[in-house]
Amino acid sequence: MKKNNYIALLPIGIFLVIYLGLGILFEYVLKIPMGFYNIPIIVAFLIAILVACIQNKSVNFDKKIELMASGVGDKNIMTMILIFMTAGLFVGVVGRSSAESVAYFMLSIIPAKFSVAVLFIVSCFVSTAMGTSVGTITLITPIAVTVAAASGFSLPLCIASVMGGAMFGDNLSFISDTTIAACNGQGCQMKDKFRENFLIALPAALVTLALIIILSLKSTLPTPVSGDYNLIQIIPYALVLIGGIIGINVFVVLLVGIGSGSLIMLITGATKATDLLGNMGSGVAGMFETTMVAVLVSAMCALIRAYGGFDALLALAKKLFKGKKSGQLGIGLLVGAMDIATANNTVAIVMANPIAKDMAEEYNVTPKKTASLLDTFSCVFQGIIPYGAQMLVAISAANEMGYQVSAFQIIPNLFYPFILLISSLLFIFVIPEKKNKEA
């Protein structure tokens, strides 16, 4: 096999041309709603794998299949897939009504002038508990639109606050697909990555909250927004969150969440017994594309690695980034570039994982730090790109309620992703890293 073979990276280039190129065409030229997400990402990866299989004629096809199988059969990939499935099962069981309960409960007891701050806090909690930024935005944006209409707050500010809170949880949640992908890709414990990440994300969230409150105090507002809520439904989310933080095995935590969620949803009448299994199936099915992407990327990356593509990228990184701190920035920019290209932070992490692991070994960066960098920088970029699912879903939800808002009105109000970037850079270049014995 060749070393430092840049041609081996061609499949990644083919994928980006197909996915990013057609996405831009559909979204901005043909003006198809959610056009970027009408591109079948699995098909794009299959084409990229076909290109990888055609390359390097010195390796026969059976050997290429064997290489791909070894990539897919890696312990971390299998663990990732099982966690994806279990997390989907949990979300399917618990449903979304508990998120609305949290939001309306807090809005009912807090003065109207702090409504936007509540939206941010609720979105942080819900996304951390549910493990999905898009799901959080789908749930909370209609409430944000209602808050804006009732209170007189700027609609872009309300929506941006929800998006910022959603990215906070996407970055930290134990059942977020980005956390699962980053931790298993780098071979670190979720609790270790959480602690590493929390020190970066919490200051950014607190500064964001302070900015929102300062803006809120300048407004004169009417009555609070109200709605129905049932607090008992948040118990499964709380159990998952607490269990994850204290370090209980992720499968045990999710099984506790599934069991308690099933019981509570049946007792409260939120779900019929006859519908519970169907909801479980729907939740698992919702993870199908993410799982298949993990499988296909693992297969493609196994071939690229064997052909010398990752050796070439690592050699380039050595030229561009000198020293440990610069290397950490390189890892962040790597996943950021992948995210800009794919508009999907989970896919970006899965694609960047093997390259980042090599870079981490070269620059002596710990697995938990590498996982934290991958997750944080992917969330920064995913949180601000105008063609990301988060932005498109938020705009679509507002439009469905009869309100027009554009991505470029929302972006200036996205305080959290920008402050998270600043916080990340401070932790890389300014704040001394704690010494530890981790290899």
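Alanine 129 lies in helix H6, which spans residues 115-130. In this predicted model, alanine 129 has a relative accessibility of 2% and counts as buried, because the limit for a buried residue is under 20% relative accessible area. Apart from neighbours within four places in sequence, alanine 129 is in contact with Phe90, Ile175 and Tyr237. The C-alpha atom of alanine 129 is separated by 7.1 Å from that of valine 240, although the two residues are 111 apart along the chain.

The chain as a whole contains 21 helices and 0 strands. Of its 439 residues, 56% are buried. Among contacts between residues at least 6 apart in sequence, 80% join residues at least 24 apart. In soluble globular proteins, nonpolar side chains tend to be buried together. In the present model, the largest nonpolar core has 132 residues, and the members that touch the most others are Phe45, Ile410 and Tyr416. For tyrosine 416, the contacts beyond four places in sequence are with Phe120, Gly164, Met167, Phe168, Ala201, Ala204, Ala205 and Thr208.

When residues up to four places away in sequence are not counted, serine 260 touches Pro236 and Leu239.

Two packed helices are described by the angle between their axes and the distance between the axes. Helix H14 (residues 288-307) packs against helix H17 (residues 345-363) at an angle of about 30°, and their axes are 9 Å apart. H14 is therefore roughly parallel to H17, since angles under 35 degrees fall into that category. The crossing of H14 and H17 is right-handed. On the H14 side the contact is made by Thr290, Val293, Ala294, Val297, Cys301 and Arg305, and on the H17 side by Thr346, Val347, Val350, Met351, Pro354 and Asp358. Sorted by class, these residues comprise 8 nonpolar, 2 polar and 2 charged residues.

H17 also packs with helix H18 (residues 367-382); the axes of H17 and H18 come within 10 Å and cross at roughly 145°. The crossing of H17 and H18 is right-handed. Here Asn345, Ile349, Ala352, Asn353, Ala356 and Ala360 of H17 meet Thr370, Leu374, Asp375, Ser378, Cys379 and Gln382 of H18. The contact of H17 with H18 has 6 nonpolar, 5 polar and 1 charged residues by class.

The loop between H17 and H18 holds asparagine 364. Phi of asparagine 364 is near 60°, a positive value in a residue other than glycine. Most residues other than glycine have a negative phi. With a relative accessibility of 55%, asparagine 364 counts as exposed, because exposed residues are those over 50%. A positive phi, of about 55°, is also found at asparagine 56, likewise not a glycine. Asparagine 56 is located in the loop between helix H2 (41-54) and helix H3 (61-72). The relative accessibility of asparagine 56 is 23%, so this residue counts as partly exposed.

Conventions
Residues are numbered from 1 along each chain as its sequence is written. This is a predicted model: local features need pLDDT of at least 70, side-chain atom pairs count only at pLDDT 80 or more; totals for chains, interfaces and linings use all residues. Side-chain values use heavy atoms; hydrogens and water are left out. A nonpolar core is a set of buried Ala, Val, Leu, Ile, Met, Phe, Trp, Tyr and Cys residues joined through side-chain atoms within 4.5 Å. Buried means under 20% relative accessible area, exposed over 50%, partly exposed in between (1.4 Å probe, protein chains only). Contact means heavy atoms within 4.5 Å. Axes are lines fitted to C-alpha atoms, for helices over the stretch in contact, and angles run from 0 to 180 degrees between N-to-C directions. Helices (H or I, at least four residues) and strands (E, at least two) are DSSP runs, numbered from the N terminus. Angles under 35 degrees count as roughly parallel, over 145 as roughly antiparallel, 65 to 115 as roughly perpendicular and the rest as oblique. A crossing is left-handed if the near helix is turned anticlockwise from the far one by less than a right angle, and right-handed if clockwise. Ala, Val, Leu, Ile, Met, Phe, Trp, Tyr, Cys and Pro count as nonpolar, Asp, Glu, Lys and Arg as charged, and the others, Gly among them, as polar.
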